[in-house]
Amino acid sequence: MRLSRFFLPVLRDTPKEAEIVSHQLMLRAGMIKQSAAGIYSWLPLGLKVLNKISKIVREEQNRAGAVEVLMPTIQSADLWRESGRYEAYGKEMLRIVDRHDRDILFGPTAEEVITAIVRDSIRSYKDLPKNLYNIQWKFRDEIRPRFGVMRGREFLMKDAYSFDISPEAARRAYHRMFVAYLRTFARMGLKSIPMKADTGPIGGDLSHEFIILADTGESQVFCHRDLIDGAVPPATTDFDGDLSEVIDAWTSKYAATEDMHDAARFEAEVPADQRVSARGIEVGHIFYFGTKYSEPMGAKVQGPDGQMITLQMGSYGVGVSRLAAAIIEASHDANGIIWPLPVAPFEVALINLKVGDSETDHVAGDLYSKLQANGIDVLMDDTDERAGGKFATMDLIGIPYQLVVGPKGVKAGEAEVKNRRTGTRETMPIEAALDYVVQRVHESLVQV
RNA sequence: CGGAGCGUAGCGCAGCCUGGUAGCGCACUUGCUUCGGGAGCAAGGGGUCGGAGGUUCGAAUCCUCUCGCUCCGACCA
């Protein structure tokens, strides 16, 4: 992409409504534009990030055996009356009346829709297990939206739903998502920690929130230090096999959010020098809820013995749009965002210091096509802005590698490579610089 | 919904108390000079002062209502 053709409305001053750094930087970097309270447009740069996050989520869901669907944003109130939640859900649900005076709603979640689909389509235990997910916009009419897309009213969520014939099978489905989540967040450069969460009326031990540690997090969390650098299951993990070893490794040590925190247990189980008390951002939440929806909605299959079995369900959410903000909270500096490469809107910024100088233009153009030929997502700064402004913009929007060419370097046959994260700058022969960034990008994309 | 603020140019702000017909910085346009890490000079463009009523000869400014946004509490991916 050529910067001259891109749409990148960056701001030099911080808009006053932005309180936390991710919100400030998303506005300044031209990623989002507020449309109403808690409702945002995603501008090209932000959308690229959102899509990269979605892609990773999708790949890991697929790897874990989940199957993608796409459910509507607008749902029927009748479906919600079946589960009893139309009355129970409260004002957070945006209720709409259509022209025929029918009650509809903007979906805050999709248990009812998916349960109806599965109920109507699946008859036999042989069709199970199934895990269906979608990445779709949700709307929750939060009392107080804040922190930009971190707590928006409209947000992009990956929600998966598992269907099984027994609690044991449902537990295995839960474990698959547990592992998928560890991998998903790790691939975005985040250190996530699964923490025991409130299970609601069902009870049991099958609900975890996945938390990213960040000072601006909304909840207070407590855990064992070892969990911060816990081992992430490899891409070769057999999701059809026994995952309990991984689960045990991650759940045997103390980790709880404020709601579930037991100070006495924390002190008894965790040595003082291993105790971590910090702020955290919830980026994922997984749940096992048994027959809460399948029972009232009549989602049953026939078992091997001919008896009807009410489906065991779980649901698994990832805040996709929230992740864009969470990643920035976890990775930025005074100059702007520092994108982990797998979610960076562009992998390389190609900076032409002297647009109009025919030699430099030629070298830049050549590098641009070679980077593209190598599959690199490159943003070429072909504007006539001054050098300082170009660097400031690329630093602000957080492109991992900056490949810099100018008349002096071109005469000497050299280019400069800058690493956004470390700030290091190296001058090397032009071809070597090209190989260097191409190799670095490819290395970073190798899946953990 | 309770409590506290704020709406003046794309962004950041001043002006309001004490009414006299709108200003500053950045950004933008043009020209010249500069040009390897947010340049200088000069000349410009852009605002029904959130909206509606009212008071007044006259309202960004005073009064009433209203809408929007933000922050502090209860909700959540």
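This is a predicted model: local features need pLDDT of at least 70, side-chain atom pairs count only at pLDDT 80 or more; totals for chains, interfaces and linings use all residues.
1. Pro129 sits in the loop that links helix 5 (111–121) to strand 7 (130–139).

2. Asp101 lies in the loop between strand 5 (94–97) and strand 6 (103–106). Its phi is near 70°, a positive value in a residue other than glycine. Asp101 counts as exposed, because its relative accessibility is 64% and the cut-off for exposed is over 50%.

3. Phe147 is not a glycine either, yet it has a positive phi of about 60°. This residue belongs to the loop between strand 7 and strand 8 (154–164).

4. Now the whole chain. Chain A contains 14 helices and 23 strands. Its C-alpha trace spans about 80 × 60 × 45 Å along the principal axes. For 448 residues, a compact globule would have a radius of gyration near 22 Å; chain A has 24 Å, which agrees.

5. Packing comes next. Of the 448 residues in chain A, 52% are buried. Among contacts with a separation of 6 or more, 71% join residues 24 or more positions apart.

6. Last, surface and charge. Chain A exposes about 19900 Å². Carbon and sulfur atoms supply 49% of that area. The chain carries 54 positive and 63 negative side chains. The centres of these two sets lie 3 Å apart.

Key. Residues are numbered from 1 along each chain as its sequence is written. Chains are lettered from A and ligands numbered from 1 in the order in which they are written. Side-chain values use heavy atoms; hydrogens and water are left out. Helices (H or I, at least four residues) and strands (E, at least two) are DSSP runs, numbered from the N terminus. The radius of gyration is taken over C-alpha atoms; the globule rule is 2.2 Å times the number of residues to the power 0.38. Buried means under 20% relative accessible area, exposed over 50%, partly exposed in between (1.4 Å probe, protein chains only). Contact means heavy atoms within 4.5 Å. Accessible areas come from the Shrake-Rupley method with a 1.4 Å probe; for residues, only the protein chains shown count as cover. Lys and Arg count as positive and Asp and Glu as negative; His and the chain ends are not counted. The place of a charge is taken as NZ of Lys, CZ of Arg, CG of Asp or CD of Glu.
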